Amino acid sequence: MSTNETLLGGNVPAHAKRQKRDLVTVLAQYGIYLALVILILFFASQSDVFLSKDNGLNILRQVSVIGICAVGMTFVMLTGGIDLSVGSVIGVSGMVCATLVSLGFPPIVAVAAAMTFGAFAGLLSGFIINVLNIPPLITTLGLMTAFRGISFMIGGGLPVYGVPDSIKFLGQGYIAGIPVPVILMVLAFIAGHIILTHTVFGRQVYGTGGNEEASRLSGVNVKVLKYKIYLIGGVLAAFAGIVLMARVNSGQPKGGQGYELDIITAVVLGGVSIFGGVGRLTGVIAGVLIMGVLANGMILLNIDEYVQWVVKGGVLLAAVALDQFIHGRGKT
Amino acid sequence: MTALLELNGLSKSYPGVKALLPFDLSFRRGEVHALLGENGAGKSTLIKTITGAVTTDSGAIRLDGLELTGHDPAMSLDRGIAAIYQEFSLFPELTVAENVFYGRELRGPGGFLRRRRMEDETANVLRDLGTDISPRAKVANLSVGHQQLVELAKSVSRDAKVLIMDEPTAPLTNKEVEFLYAVVGKLKARGVTIIYISHRLKEIFDLCDRVTVMRDGALISTLEIASTSEAELVTLMVGRPVDQEFPPSTARIGEVVLEAQNLVAPKVNDVSLHVRAGEILGLAGLVGAGRTETARLIFGADTLISGQIRLDGQNVTVRTPRDAIAHGIGLIPEDRKHHGVLLGMSVTFNTVYAALKQVSPGLFANAMAERAAGEKYRDQLRIKTPNLEQLVVNLSGGNQQKVVLAKWLLTGSRVLIFDEPTRGIDVGAKQEIYGLMRELSNAGVAIVMISSEMPELLGMSDRVIVLCEGRVAGELGKADFDQEKVLRLASGLGNEGKTDEHE
């Protein structure tokens, strides 16, 4: 009888669950910072240059592209979705922007066009998920492949050069000694954090990820919400694509390839549940830094690139396993 | 006739609920034995103990004199106890024969499936049942009636000695029902014992040899069909006096607030109702009568095929819950944990969740105002929680229900639909929920209350509409409140006592 099962669920584990949760929640919230500190201490003990100011800024600059995307991915994953197409959006965006400026369009137009593509990519994901009812994983897997193809098509498979200084500034400039990409990433995190924690929209993002049907029955327009979060993800990915293009001085058809996995790993490491509804950008920033520190530290230690892939894959699985442990069963 | 299946001293309790009180019951070989009782009487639990889906606290089950110990549904099936539930356990993408032999496929040398042989045997079983469904047909392409026959063939081909049928006629057309009767007759003639659960008294008289009536987890009586009557069974089923105290109504019943006209949707064939300010309208009916579906239509949670919702005499469009909320309608859903609250969120979050824009009209969410709303309703509804940041998953059922209610009070609902408001809630908290409902109706809120608990329904309502198979079967004014009348209407027996509409 359903009555009794409900009773059972309500009565017995509530107290036990609470105690287990407290410990686990503390670990889930602060464990990531601890891991970051341990990692930094480890690499510092192994390499003299690791703790230098230059290397520090280097790490930050290197993570800025995935960091900007991680903000968008956090929105997507908080609603229980995922976006595998971001890496390809980075590529297309860089190619669009570079191609337009090389054809003589003003930089502002090129940037706007690239961002418009990002918006289009996000809305397309939303449309496929909402209207065609295809799961986000498959939707964005398909778009990932399709967009990568577009990225190659734009320059006939060749990189596009000739980036003007005004755009280079986005990737290579400094303000008060801090690299511009780092500043842009920090701004993205701050804006994202404010939206998630201090707006009605942010509340709805968390609520929808926590329980989509209950949210719908509470008057949230879940479909519109999904359009919005994939739009945010797409626009931020396109913006990151421009930054990347500006950093490497050229539009690369392969730009951003494989980034989606680093981004998702960083977000999950940062404590965002793959089931949605749980996680903060303050954790995600630590996740992003861990990815950067790991990559940088392993290079300093001359660890083979292929080994680095194994480590990154392992980190993703470990992060998801931890999430499964913490949120997997508690979720109803 | 000899007893095939004997139950001795079986009992089962869940924390806080005695689902089955100790009882003895035996089923004869080759009889059709009806189990009758209201929703929640314990029929499902009884069935589950027989199939081994739940373990009993005490007692023994004997099949053919042999005690079954520690059995589970798979083991029961091997011993010859099969159950056909309302939700079929068929694989829609497999063929009929593949379904019939699922899990015990015939294999030839080398481990290859003997497809032909399985199809032939399936065809034989189906022919014995009197039907010519192709064993190669895909189950998804069959009608519901034929799917049920496949379920039956599955049991028959396993040589089931005891066959449990839970509301088998609910999804069937009249013609299919007749055919099912014939099949049941054939099985009976072969000595199969059939345990037949149905709310439809007529069927029980048409088909069964004996009937066992259950109420509140207790076995009330086992009778020969030949020596009983519909009236006696209804009395036995209802049995209990209305023993709870319900807060009296002091509301002045006002104008009609909500009207639903000729609602049609899946499982709702034609439902019209209205509710007035300050009135509590009870919606009665059996499981599957379309009560929850009607509530969800009014709330915009499901899509109307046709019909009209009217508020204050004006036609309104309610396509989504968002529309309904904007019109001042709130739904306290049956499945509180999945549809009512966000378990992983705080009390405050849940309280303000449907009124976020209203609480924070500006650009940013107003945490102070949210907290104030949380505090206000915690105090007003006496929600017991250590603090407002507490996650709702940690609250008791009654307090979770109050959080759902708080959500709708904050949106300013004028029409509240309570779907099984006290399900899974302990007795003390039930009284509190009743008190709150009454306070709301006294304050002029129009309330629709769906309940399968008869005392609660009759105790709280000012007027009751009974649904049966997606239609309004009758309406009872307070003067005509009577459990038997409601039950007769709900069972599709028609209404003998004249009732007049309450104005």
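This is a predicted model: local features need pLDDT of at least 70, side-chain atom pairs count only at pLDDT 80 or more; totals for chains, interfaces and linings use all residues.
For the complex, it reports an ipTM of 0.83 and a pTM of 0.75. Chain B has an average pLDDT of 88, and 95% of its residues score at least 70. One stretch to handle with care is residues 496-503 of chain B, where pLDDT stays under 50. The model still gives that stretch 13 contacts beyond four places in sequence.

Now find the open sheet in chain B: six strands in the order 6-7-8-3-9-10, with mixed pairing. Its edges are strand 6 (81-84) and strand 10 (218-224), each of which pairs on one side only. Going from neighbour to neighbour, the strands are turned by 20° on average, direction ignored. Look at strand 3 (residues 32-36) and strand 9 (residues 210-215) of chain B, which run parallel and share four bridges. Here you'll see L35(B) standing opposite T212(B) of strand 9. Packed on this sheet is helix 6 (residues 174-189) of chain B, touching strand 3, strand 7 (162-166) and strand 8 (193-197). The direction of helix 6 makes about 145° with that of strand 8 of chain B.

On to the greasy parts. The largest nonpolar core holds 147 residues, and V392(B), I417(B), I447(B), V466(B) and A490(B) have the most contacts inside it. Helix 15 (residues 397-410) of chain B supplies the largest share of this core, seven residues. Zoom in on I447(B): beyond its neighbours within four places in sequence, its contacts include I280(B), L281(B), L416(B) and F418(B). A second, separate core has 88 residues, among them V96(A), F117(A), L184(A) and A266(A).

How values were computed. Residues are numbered from 1 along each chain as its sequence is written. Chains are lettered from A and ligands numbered from 1 in the order in which they are written. pLDDT is the predictor's confidence in each residue, from 0 to 100. Two residues are in contact if their C-beta atoms, placed from the backbone, lie within 7 Å. Two strands pair if DSSP finds at least two bridges between them. Helices (H or I, at least four residues) and strands (E, at least two) are DSSP runs, numbered from the N terminus. Axes are lines fitted to C-alpha atoms, for helices over the stretch in contact, and angles run from 0 to 180 degrees between N-to-C directions. A nonpolar core is a set of buried Ala, Val, Leu, Ile, Met, Phe, Trp, Tyr and Cys residues joined through C-beta atoms within 7 Å. A residue is buried if 20 or more other C-beta atoms lie within 10 Å of its own, exposed if 12 or fewer, and partly exposed in between; C-beta atoms are placed from the backbone.
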